[in-house]
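Here is a guided look at one protein model, written for someone new to reading structures. Keep the 3D view open and follow along strand by strand.

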Amino acid sequence: MTSVVSSPPRTIRIGSRKSQLALVQTYWVREQLQKSFPDICFEVHTMSTQGDKILDVALAKIGDKGLFTKELELGMINQEIDFAVHSLKDLPTNLPEGLTLAAITERENPADALVVHEKHKDKQIETLPAGAVIGTSSLRRLAQLRHHFPHFTFKDVRGNLNTRMAKLDAGEYDALILAAAGLGRLGMGDRIHQVLSKEISLHAVGQGALGIECRADDNELINLLKAIEHPATRDRCLAERAFLRILEGGCQVPIGVNTEIDGDNLTLTGIVASVDGQKLVKDTITGTANNAEAIGAELAECLRQQGAQEILEEIFTEIQRGS
């Protein structure tokens, strides 16, 4: 009698940051893949990134586009992990040689959200008092809010979401501006007091979506990861990333976007603003969704012609000076 020896299940190693939000997102991805590929073992491996370790310095002053991704990317290059799950807004538009953006998941609400201290529960952002202390670690949010609400006081806020909420509730801030998607994923959607309209704050490139990065030569894995890609989100985010790439802006530069798809048409709105909110250029372009990256590139060139490059050069100079 001949015995049949079954081969052990294939194991795929997933890389993740150690933060609560990163782990929630990574385990969600693992769950979706496990449903599609029950015979594969998906293991989660965690790493601390530079952005996780430096919590006492404003992100813009660290001056590194790969703050939350470099260690994970090195893990892939060194064959320690097979793919990494990122908040797409944290993933630079130019990836290291040998790596690729294999899939983009369905986007949660990409908008920014207002979270207020209890004493302001009857207010909206438009009715907060002059001098209200608004916490944000994003130059993009800061620039747009300064443009619309120059009477507020803005203060940097770092740390994980629970830390930021504790500082708000302790009275260090009157309100925080956070990503609606992150609050929802961590079960804090009830803390969203107001979702900011695109007229007030255009969101970050890729905000609300997850980006799955892996080695570019692992065709079998790339095909497998396509099982969790969302085509409409992919088109929107590719347009946004092309826009950002052409402008050479990192995630810590005041560049905001909004994308909408209607049938085959994709509409991309982009903004570049000075940190003080005094200078601002904004425009919108519509094209076919299958030309998403070309739409992003065209909009970037339009804003350059309207003065975006000069605004960005001033910001890069200020950051290099450490101001």
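## Strand E3 and its partner E1

Gly15 stands opposite Ala84 in E3. This is part of the link between strand E1 (residues 11–17) and E3, which run parallel and are joined by 2 bridges. Please keep in mind that you are looking at a predicted model.

Now turn to the side chains of E3. In general, the side chains of a regular strand alternate between the two faces of the sheet. You can follow this in E3: Phe83, Val85 and Ser87 point one way, while Ala84 and His86 point the other way. Are these residues buried or exposed? All of them are buried. With 5 of its 5 residues buried, E3 is therefore largely enclosed by the rest of the structure.

Phe83 stands opposite Cys214, Val85 faces Ile212, and Ser87 lies opposite Leu210.

E10 pairs with E4 as well, again in the antiparallel sense, and 5 bridges connect them. Here Ile104 stands opposite Gly211 in E10. How many of the 6 residues of E10 are buried? The count is 6 of 6, so E10 is largely enclosed by the rest of the structure.

Look next at the loop between helix H4 (70–77) and E3, where you will find Gln79. Most residues other than glycine have a negative phi. Gln79, however, has a positive phi, near 65 degrees. Why does Gln79 count as partly exposed? The reason is that its relative accessible area is 48%, and the partly exposed range lies between under 20% for buried and over 50% for exposed.

Cys214, the residue opposite Phe83, counts as buried because its relative accessibility is 0%. Cys237 is buried too, because its relative accessible area is 0%. A disulfide is a covalent bond between the sulfur atoms of two cysteines.

## Helices H9 and H10

Finally, move to a pair of helices. Two packed helices are described by the angle between their axes and the distance between the axes. For helix H9 (residues 231–247) and helix H10 (residues 292–305), the angle is about 35 degrees and the axes are 7 Å apart. Their crossing is right-handed.

Which residues meet here? From H9 they include Leu238, Ala239, Ala242 and Phe243, and from H10 they include Gly296, Ala297, Leu299 and Ala300. The residues of this contact divide into 11 nonpolar, 1 polar and 5 charged. Among the residues that meet are Asp235 and Arg245 in H9, and Glu293 and Arg304 in H10.

Methods. Residues are numbered from 1 along each chain as its sequence is written. This is a predicted model: local features need pLDDT of at least 70, side-chain atom pairs count only at pLDDT 80 or more; totals for chains, interfaces and linings use all residues. Side-chain values use heavy atoms; hydrogens and water are left out. Buried means under 20% relative accessible area, exposed over 50%, partly exposed in between (1.4 Å probe, protein chains only). Axes are lines fitted to C-alpha atoms, for helices over the stretch in contact, and angles run from 0 to 180 degrees between N-to-C directions. Helices (H or I, at least four residues) and strands (E, at least two) are DSSP runs, numbered from the N terminus. A crossing is left-handed if the near helix is turned anticlockwise from the far one by less than a right angle, and right-handed if clockwise. Contact means heavy atoms within 4.5 Å. Ala, Val, Leu, Ile, Met, Phe, Trp, Tyr, Cys and Pro count as nonpolar, Asp, Glu, Lys and Arg as charged, and the others, Gly among them, as polar. Two strands pair if DSSP finds at least two bridges between them.
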